[in-house]
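Here's a quick briefing for anyone opening this structure for the first time. Have a look at it, then read on.

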Amino acid sequence: QVQLVESGGGLVQPGGSLRLSCAASGSIFSISVMGWYRRAPGKQRELVAAITSGGTTNYSDSVKGRFTISRDNAKNTVYLQMNSLKPEDTAVYYCNARRPTPWGLDDSWGQGTQVTVSS
């Protein structure tokens, strides 16, 4: 089991910045990928960014060049730096940790943090 605690959401004006944090605890040694997903009102959850244990990153086209995912292994924390925020970035953001197990992939989720981009 992996426990994830997110922080850093809030209200920001268009063009502003926020940094989300996700602290992991528990069976963190086996995590292969950590990522950030979001769910906007009336829409399905979508992948925003992900980072592997080796440091390879992946971004959705909608956030490339504006968001940066990073990890601090010493603190077991993953960050999402969000710059040039747009109203369409408004959503609940969820941290995800994925681990391979003998029974398949195991996903753990944080409780979510609200990001609202509005003037």
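Let's start with R99, which in this predicted model touches Q1, V2, S27, S30, I31, S32, G104, L105 and D106, leaving aside residues up to four places away in sequence. You'll find R99 in strand 9. Its neighbour list comes with a polar contact too: the side chain of R99 meets the side chain of S30 at 3.4 Å.

**R99 and P100**

- Is R99 buried or exposed? R99 has a relative accessible area of 13%, and the cut-off for buried is under 20%, so R99 counts as buried.
- P100 also sits in strand 9, but its relative accessibility is 48%, which makes P100 partly exposed.
- Not counting residues up to four places away in sequence, P100 touches S30, S32 and L105.
- P100 and I31 are 69 residues apart along the chain, yet their C-alpha atoms are separated by 7.5 Å.

**The disulfide**

- How many disulfides are there? The count comes to one.
- C22 and C95 form this bond, with their sulfur atoms 2.0 Å apart.
- C22 belongs to strand 3 (residues 18–26) and C95 to strand 9 (residues 91–101), so the pair ties together parts that are 73 residues apart in sequence.
- The torsion about the S-S bond of C22 and C95 is about -85°, and that's why the disulfide is left-handed.
- Both ends are tucked away: C22 is buried, and C95 is buried as well.

**The nonpolar core**

- The largest nonpolar core is made of 28 residues.
- Which residues have the most contacts inside this core? They are M34, W36, L80, M82 and Y93.
- Take L80 as an example: leaving out residues up to four places away in sequence, L80 touches L18, R19, L20, W36, V48, A49, F67, T68, I69 and Y93.

**Strand 11 and its partners**

- Strand 2 (residues 10–12) pairs with strand 11 in the parallel sense, over three bridges. Here V12 stands opposite V117 of strand 11.
- Strand 9 pairs with strand 11 in the antiparallel sense, also over three bridges. In strand 11, V115 is the residue that stands opposite A91.

**The whole protein**

- What does the secondary structure come to? The protein has zero helices and eleven strands, so to speak a run of β-β-β-β-β-β-β-β-β-β-β when you read along the sequence.
- For 119 residues, a compact globule would have a radius of gyration near 14 Å, and the protein has 14 Å, which agrees.
- Along its principal axes, the C-alpha trace of the protein spans about 45 × 30 × 25 Å.
- Of the 119 residues in the protein, 41% are buried.
- Looking at contacts between residues at least 6 apart in sequence, 53% join residues at least 24 apart.

Conventions. Residues are numbered from 1 along each chain as its sequence is written. This is a predicted model: local features need pLDDT of at least 70, side-chain atom pairs count only at pLDDT 80 or more; totals for chains, interfaces and linings use all residues. Side-chain values use heavy atoms; hydrogens and water are left out. A disulfide is a pair of cysteine sulfur atoms within 2.5 Å. Helices (H or I, at least four residues) and strands (E, at least two) are DSSP runs, numbered from the N terminus. Buried means under 20% relative accessible area, exposed over 50%, partly exposed in between (1.4 Å probe, protein chains only). A nonpolar core is a set of buried Ala, Val, Leu, Ile, Met, Phe, Trp, Tyr and Cys residues joined through side-chain atoms within 4.5 Å. Contact means heavy atoms within 4.5 Å. Two strands pair if DSSP finds at least two bridges between them. A polar contact is a pair of N or O atoms within 3.5 Å; within protein, one must be able to donate a hydrogen and the other to accept it, and residues adjacent in sequence count only if both atoms are side-chain atoms. The radius of gyration is taken over C-alpha atoms; the globule rule is 2.2 Å times the number of residues to the power 0.38.
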